[in-house]
2 protein chains.
Amino acid sequence: MSRQPKAVILVSGGMDSCVTAAMARQTHEIALLHASYGQRTERRERRAFDEIADFYSVSERLAVQLDHFVKIGGSALTDMRIAVPEGEAGTPISCNEIPSTYVPFRNAHFLAVAVSWAEVIGASAVFIGAVAEDSSGYPDCRPEYYRVFQQLVREGTRPETRIEIVTPVIAMRKREIVQRGVELGAPLDRTWSCYQFEDEACGACDSCRLRLSAFADAGITDPIAYRARVER
Amino acid sequence: MSRQPKAVILVSGGMDSCVTAAMARQTHEIALLHASYGQRTERRERRAFDEIADFYSVSERLAVQLDHFVKIGGSALTDMRIAVPEGEAGTPISCNEIPSTYVPFRNAHFLAVAVSWAEVIGASAVFIGAVAEDSSGYPDCRPEYYRVFQQLVREGTRPETRIEIVTPVIAMRKREIVQRGVELGAPLDRTWSCYQFEDEACGACDSCRLRLSAFADAGITDPIAYRARVER
């Protein structure tokens, strides 16, 4: 019987959240939470979530479906009429503007589910694998956002509830996240990052490009399959 | 063609949110949002929402279904194994503890949907009919909670997005809300407050008791039907 405190980990199925789970389980008994929101690759990401949860033999898991994002739209990830932007592999991602893959205020929904669940199951922490600097430029991936969310949790839950919002990879370079994952034996081969496809990763969307750069910079071969193995 | 700024109003179907909508439309073009979450009376509340939206001829409306609350549980409203507490009509509601009808961190989910939708449709405000003092003692109904949520919106949306969180009835007594509703000609007869039943209101749950007290204190007859018209 584990005596570690319990934590809810938001696991999208991508690399950052997988490594976040690997880090969290060093100090916590982990409960894994996945949220689908009508994004293009939701079935593939859900499969990655299940495989990561199986890898860690996690019994407490919750998968939720947030269908309203498709009704709301406004993002290339949930509105099939907006194309996912592609770039040449190896070229840097611009961080100067919010990309069309930004899903309006998305992480507030994910965190709200995580905090509600954490309060009910008695978890004392919620881990989320947001990455600030070395990422896509989403406003809800910055440290200040999580500091404010922490205040919101304090104000909006039962007086006796204590839930810490933990962002262990937020200040890490993507390369470091890969390295940490490898050190911890995280199942990176089971993760999925591509915004576009569900069979083989495209290698061209921002998410694939960030991932490929991260592995290349870390000097490690990405274990997942790409549609066309990109020259780097 | 309206030149008023647009606002999203969270309309549960209850009295407070109906009066909030009535107040909001004095200054804004209103878009109405309803969230069902597997609560006992969700069909009846949805009907009240539709009838209020029809009353105000609102074309922009969104109804979302947040099914995960039932999976998460932990509340008498979403877990049918937990009884809704009843009290004698006319007796005061205790505000010293969080009632079993508290749905963990619920309003964060509602506000998240409202802000995402507001950002996509270009609304500059989100109105919510939370009532602090004279209500059921939920932590996410207090002014400080909304001040923090306002900061979260600033941090977590596009840099150019400006969405104000407005809580026009938060400091009002329930009696005053009834009076304001009547002054503004709000369709209080189309609202639904009962936590338990969908045909006629029970008159005994906290929500019915608060409502009945409010109408009694205002010296106005509640236009909706109760299972047993309660002596007061």
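Me: Which residues in helix 6 of chain A meet M15(A), D16(A), C18(A), V19(A) and A22(A) in helix 1 of chain A?
Reply: This is a predicted model, where local features need pLDDT of at least 70 and side-chain atom pairs 80 or more, while totals for chains, interfaces and linings use all residues. Residues are numbered from 1 along each chain as written, with chains lettered from A and ligands numbered from 1 in written order. Helices are DSSP runs of H or I with at least four residues, numbered from the N terminus, and contact puts C-beta atoms, placed from the backbone, within 7 Å. The partners in helix 6 of chain A are I177(A), R180(A) and G181(A).

Me: How many residues of this helix contact are nonpolar?
Reply: Ala, Val, Leu, Ile, Met, Phe, Trp, Tyr, Cys and Pro count as nonpolar, Asp, Glu, Lys and Arg as charged, and the others, Gly among them, as polar. The contact of helix 1 with helix 6 of chain A has 2 charged, 1 polar and, as nonpolar residues, 5.

Me: At roughly what angle do the axes of helix 1 and helix 6 of chain A cross?
Reply: Axes are lines fitted to C-alpha atoms over the stretch in contact, with angles from 0 to 180 degrees between N-to-C directions. These two axes come within 9 Å, and their crossing angle is roughly 45 degrees.

Me: Which helix supplies the largest share of the side of chain B that touches chain A?
Reply: Chain A and chain B each bring 34 residues to their contact. On chain B, 17 are nonpolar, 10 polar and 7 charged. The largest share, 10 residues, comes from helix 4 of chain B.

Methods. Contact = placed C-beta atoms within 7 Å.
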